[in-house]
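Dear colleague,

Please find the structure below, followed by an account of what was found in it.

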Amino acid sequence: MADLSDADRFRVLFDRHWEAVWRFAVRRASPSQAEDVTAEAFEIAWRKLDEVPTEWALPWLYVTARNLLANLHRRERHTIAVADPAVHHRGAPSDGGAVDEADLFARALARLSDRDREVLSLAAWEQLCPADAARVLGCTAATYRVRLHRARRRLRAALDRQAPAARATEVLE
Amino acid sequence: MSRHLLDDLARLDPADQVEPPTAADRHTLRERIMTSPRPRSSPEPQPAGRSRVPWAVAAAGLAVVAALAVTVVGTTGERSAIATPGLTVPVDADRQPAADTLHDLADAAEGHADQPELPAEQRVTVSWALHTSVSERDADSEIVARSRQWWLHDDGTATECASQPVAMDVLIAQAQKVDDVPDCDRVAQHGPGEHAPIDWPATDDPAELIAQLAGNEELPDHHEVADAYLELAAKQPVSAHDTAVTLRALATFDELRDYGTVTDRAGRQVRAVGYTTDSGGLPTRRLLLLDPDTGQVLGADQTLTRDAGNLDVPIPSVISYRLHFTANDPPPPP
């Protein structure tokens with residue numbers, strides 16, 4: 001049985017970060033897989049509580065979850081892929097409905113590499129600063145900044161390519 | 001669509017489309033996890049539970065080789081003075097902006113643009129740093145000195161040679177013999193991609209380089225650009241072209257000051273430019289030590305200028321420095 005300080009520390013860690021880790025996982029896996037990965041990430045955190053850095057506990061948990069997701073996807077022969085916002089759990093973007101912003105982003109994101117999507121996700125959805133995002137990816141902050149800049153540029157270009165098609169669809173409707 | 005792309009993307013978070021487990025389920029999970037056994041102590045102690053002061057991690061981007069770990073401050077009230085290295089440049093009155101000097105160095109770098117890029121194994125880095133952890137009860141400081149050299153292989157793997165933990169003057173003397181086969185205290189093999197090079201912006205435009213280093217919408221300040229450049233130079237040799245563009249980017253910041261030609265800790269004549277920042281919590285002067293002939297980064301150091309905080313060091317005090325040495329004829333990997 002753990003002593004009280006460890007138990008208290010873990011409760012704080014869990015209560016503070018569980019949702020963020022679950023959201024991280026559910027962007028990259030199915031809901032049931034995300035629950036399993038999140039639970040396993042915190043089990044590891046509990047076992048290695050002394051190794052969880054106080055100042056960047058959340059990036060540490062993301063790294064742990066990311067490794068678990070990589071193992072999961074490796075078993076399933078897939079790579080880690082950040083979900084498209086419109087496709088994820090609400091139907092494909094080209095299902096005949098009006099072309100809205102989510103559809104545009106989904107189509108644009110689909111044109112990007114997994115690495116670009118991951119970099120954009122860490123900034124837009126995980127809301128990490130460059131230093132923490134770099135920790136998650138295992139690269140330097142400078143590299144992350146450059147990757148993010150390029151990913152944004154490619155997303156912008158992909159959106160620009162989508163825009164004429166979207167306007168044409170709206171006209172037809 | 002708003003001006004900020006990431007803000008637009010943030011509003012389309014796929015996690016918002018999924019119902020999370022209930023609070024009761026989470027509580028059950030949390031308590032279940034806490035009934036599982038865990039080791040009483042980690043086999044490899046980490047600095048968890050303390051806040052490490054940010055400015056003490058100047059060399060954090062380098063692989064930890066470890067050496068000369070000396071606990072200087074143990075418990076409350078039991079302190080002994082820390083002998084810090086001498087200053088490379090005095091801390092004195094304000095200096096002139098470094099823009100002209102940086103442009104001159106950029107011109108010098110461009111004069112070497114036709115030379116082939118250097119492989120990583122032609123670079124040896126020696127570093128010294130005072131690392132301090134501060135908790136509510138005490139502050140623990142240790143000196144970390146190290147030397148490292150890398151060999152990158154065609155298959156993406158890497159070999160790392162770490163130095164014997166010896167005094168800094170010995171480390172520097174060893175590193176100066178960069179063409180000799182190194183005497184490694186530890187040799188580590190790294191898998192593909194583990195020592196991946198930094199993806200530096202490929203551009204001729206200093207403003208574009210700054211924009212790319214921003215990553216996000218907010219442009220970086222002089223400290224962030226200089227820090228990124230030092231991080232790059234610590235990791236890998238920088239091409240003449242990238243050196244020139246980066247120096248011109250730094251020249252756009254008035255905060256960069258010219259400290260003139262000085263002698264570095266290896267006895268080399270270098271051009272020092274620097275700035276003062278309190279981004280790490282204490283006013284610190286950061287110097288970039290540049291090769292006057294090529295503009296390449298030959299070293300860097302950080303000096304506390306006005307306040308030592310919880311550290312038992314005099315003011316001013318150097319809290320970290322590093323030196324880079326480049327081989328003409330690099331030795332084979334150990």
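Helix 7 of chain B, in this predicted model, is largely enclosed by the rest of the structure, because 11 of its 12 residues are buried. Buried here means under 20% relative accessible area, exposed means over 50%, and partly exposed lies in between, with a 1.4 Å probe and protein chains only. Helices (H or I, at least four residues) and strands (E, at least two) are DSSP runs, numbered from the N terminus. Among the buried residues of helix 7 of chain B are B:Asp242, B:Arg248 and B:Leu250. The cover over these buried residues includes helix 3, helix 5, helix 6 and strand 8 of chain B. The end C-alpha atoms of helix 7 of chain B are 16 Å apart, which agrees with the 16 Å that its 12 residues should span at 1.5 Å a residue; the expected span is 1.5 Å times one less than the number of residues.

As to conventions, residues are numbered from 1 along each chain as its sequence is written, while chains are lettered from A and ligands numbered from 1 in the order in which they are written. Local features need pLDDT of at least 70 and side-chain atom pairs count only at pLDDT 80 or more, whereas totals for chains, interfaces and linings use all residues; side-chain values use heavy atoms, with hydrogens and water left out.

Helix 3 of chain B (residues 99-110) also has 12 residues and reaches 16 Å from its first C-alpha to its last, close to the 16 Å expected. Its buried residues are B:Thr101, B:Leu102, B:Leu105, B:Ala106, B:Ala108 and B:Ala109. Seen down the axis of helix 3 of chain B, they fall within an arc of 160 degrees, so they line one face of the helix; the arc is that of the directions from the helix axis to the C-beta atoms. On the other side of helix 3 of chain B, B:Asp100 and B:Asp104 are exposed. The buried residues pack against helix 7 (240-251), strand 6 (257-263), strand 7 (269-277) and strand 8 (284-290) of chain B, where a contact means heavy atoms within 4.5 Å.

For chain B as a whole, the secondary structure comes to seven helices and 10 strands. Of its 334 residues, 51% count as buried.

Turning to the rings, the structure holds eight aromatic pairs over all chains. Rings of Phe, Tyr and Trp (its six-membered ring) pair if their centres lie within 6.5 Å; planes under 30 degrees apart count as stacked, over 60 as edge-to-face and the rest as tilted. A:Phe10 and A:Phe14 form a tilted pair, 6.0 Å centre to centre with 45 degrees between the planes. Both A:Phe10 and A:Phe14 are buried. The rings of B:Trp200 and B:Tyr229 are also tilted, because their centres are 6.3 Å apart and their planes at 40 degrees. This pair links distant parts of the chain, with B:Trp200 in the loop between strand 5 and helix 5 of chain B and B:Tyr229 in helix 6 of chain B, 29 residues apart. Ring pairs also link A:Phe10, A:Phe14, A:Phe42 and A:Trp46 into a cluster.

The charged end of A:Arg28 sits over the ring of A:Phe24, 3.8 Å from its centre, and B:Arg265 lies over the face of B:Tyr321, at 4.1 Å from the ring centre. The criterion is that NZ of Lys or CZ of Arg is within 6 Å of the ring centre and within 35 degrees of the ring normal.

Yours sincerely
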